[in-house]
Amino acid sequence: MQSGNEDWESLSLSLKNRVSQMKDADFENLALDVFRYQATHNPLYHIYLGLLGVDINSISSLAEIPFLPIELFKNHLVQSGFAPILFQFESSGTTGQIPSKHIVCDPEFYQVQAKRIFEANYGSLTDYHIFALLPSYLERSSSSLVFMMDYFIKQSGSELGGFYLNQYDALVENLTAALQTDRKIWLMGVTFGLLDWVDTGQDFTFWKDAVAAGRIMVMETGGMKGRREEWLREEVHAFLQAKMQVPQIASEYGMTELFSQAYADKDGVFTPGISMRVLLREVNDPFGQVTQAGRVGGIKVIDLANIDSCSFIETKDLGSLEADGIRFKVLGRFDNSEQRGCNLMLAQGWGTSQEEPSS
């Protein structure tokens, strides 16, 4: 592995510029260049590839790229290059869990990419009043979702949108005011937060006309976070649609470890952002590939916006691909057993410190 500041900075800047300007057809070649950069300039990923016996120069397709187990974000510094770390995003997790940490060296790059992905799906942020119902997230200063939504709300230029914990009366009051304008309404809510609001008995007829006019988008993200019993996404959507009197519920797929997002207009079928691609692994073999549409596998994410960390992440989510091989569904989670890749690192002394393994 090359050491020091030899050429990482110019390579990193070049890759970010290419990601910012990329088109769909550029994805594979750009991903392979990002892989070569991170395989050389990310110490943790470099060692992981060495443990797998991977010849970096032999990788010539996306399917051949090894993915870093997501658990390693909990206990290790995942960084490509040597840019100053300005702050870190941290996952919420549940009580007793170690949170994942994702370094942020270039927040503007993250914000611009997130905006580009949203607007490619839903149009300009200035078309919306944005309301973020994010209990638990707002209670943490290190949430990537809050960081993204704060930027979106500011970019929208709306004086009516904002964040809410459980101030439902104020939320309804500002939503009602927003309905008097020409803009659309985007209500982004953590799943359990939307359910908690519905459970208050809220009467949603106040936005009936706006729903009929196609001006209301309700979007859920984040699941239950240990606050409520887990439901299937289909159950959540059916319940919220009936109670909130909307024809569909949109969804966002993102996580602390990703700088890119995927969105689903309805039915939980996600379209990844231009800088993101999902591949599937065999459930019982982290190195086996699943390509058949509709077949369940473990979700592996390529996120080209993760230039400063790692763009190739093996998650603990289960999902399936649609027939186009691009869109996907999220169907559940692996159990809590450690994955093979993480065990490889542990066997080499990468216990729980963020330093290099003991010799």
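Among contacts in the protein chain between residues at least 6 apart in sequence, those joining residues at least 24 apart account for 67%. The model is a predicted one, and its secondary structure comprises 11 helices and 15 strands. Of the 359 residues in the protein chain, 52% are buried. The chain exposes about 15800 Å², of which carbon and sulfur atoms supply 46%.

**Nonpolar cores**

- In soluble globular proteins, nonpolar side chains tend to be buried together.
- The largest nonpolar core here contains 82 residues, and Met-149, Phe-152, Trp-186 and Phe-328 have the most contacts inside it.
- Helix α2 gives the most to this core, contributing eight residues.
- Another core, of 26 residues, lies apart from the largest one and includes Tyr-168, Ala-210, Val-236 and Ile-249.
- When neighbours within four places in sequence are left aside, Met-149 is in contact with Ile-130, Ala-132, Leu-134, Phe-163, Trp-186 and Met-188.

**Helix α2**

- Helix α2 spans residues 27-41, a run of 15 residues.
- From the first C-alpha of α2 to its last the reach is 21 Å, close to the 21 Å expected at 1.5 Å a residue.
- The helix is mostly covered, with 11 of its 15 residues buried.

- Helix α8 (residues 191-199) is mostly covered, as seven of its nine residues are buried.
- Those buried residues are Thr-191, Phe-192, Gly-193, Leu-194, Leu-195, Trp-197 and Val-198.
- On the strand side, the buried residues of α8 pack against β4 (128-133), β6 (184-190) and β7 (216-221).
- The helices against which they pack are α7 (168-178) and α10 (233-244).

- Ala-262 is placed in strand β9 (residues 262-264).
- With a relative accessible area of 0%, Ala-262 falls under the 20% limit and is therefore classed as buried.
- Not counting residues up to four places away in sequence, Ala-262 touches Ser-251, Glu-252, Tyr-253, Phe-270, Thr-271, Pro-272, Gly-273, Met-276 and Phe-328.
- Ala-262 and Ala-114 are separated by 148 residues in sequence and by 9.9 Å in space, C-alpha to C-alpha.
- Gln-111 lies in helix α5 (residues 107-122).
- Gln-111 is likewise buried, because its relative accessible area of 17% is under 20%.
- Leaving aside neighbours within four places in sequence, Gln-111 is in contact with Phe-147 and Tyr-151.

**Nonpolar surface patch**

- Val-283, Val-296 and Leu-331 make a nonpolar surface patch of about 210 Å².
- Val-283 is found in the loop between β11 (276-282) and β12 (285-290).
- The relative accessible area of Val-283 is 33%, which lies between the 20% and 50% limits, so Val-283 counts as partly exposed.

Conventions
Residues are numbered from 1 along each chain as its sequence is written. This is a predicted model: local features need pLDDT of at least 70, side-chain atom pairs count only at pLDDT 80 or more; totals for chains, interfaces and linings use all residues. Side-chain values use heavy atoms; hydrogens and water are left out. Patches are made of residues with over 30% relative accessible area and no salt bridge: like charges are joined within 9 Å, nonpolar side chains (Val, Leu, Ile, Met, Phe, Trp, Tyr) within 5 Å. Accessible areas come from the Shrake-Rupley method with a 1.4 Å probe; for residues, only the protein chains shown count as cover. A salt bridge is a side-chain nitrogen of Lys or Arg within 4 Å of a carboxyl oxygen of Asp or Glu. Helices (H or I, at least four residues) and strands (E, at least two) are DSSP runs, numbered from the N terminus. Buried means under 20% relative accessible area, exposed over 50%, partly exposed in between (1.4 Å probe, protein chains only). The expected span of a helix is 1.5 Å times one less than its number of residues. Contact means heavy atoms within 4.5 Å. A nonpolar core is a set of buried Ala, Val, Leu, Ile, Met, Phe, Trp, Tyr and Cys residues joined through side-chain atoms within 4.5 Å.
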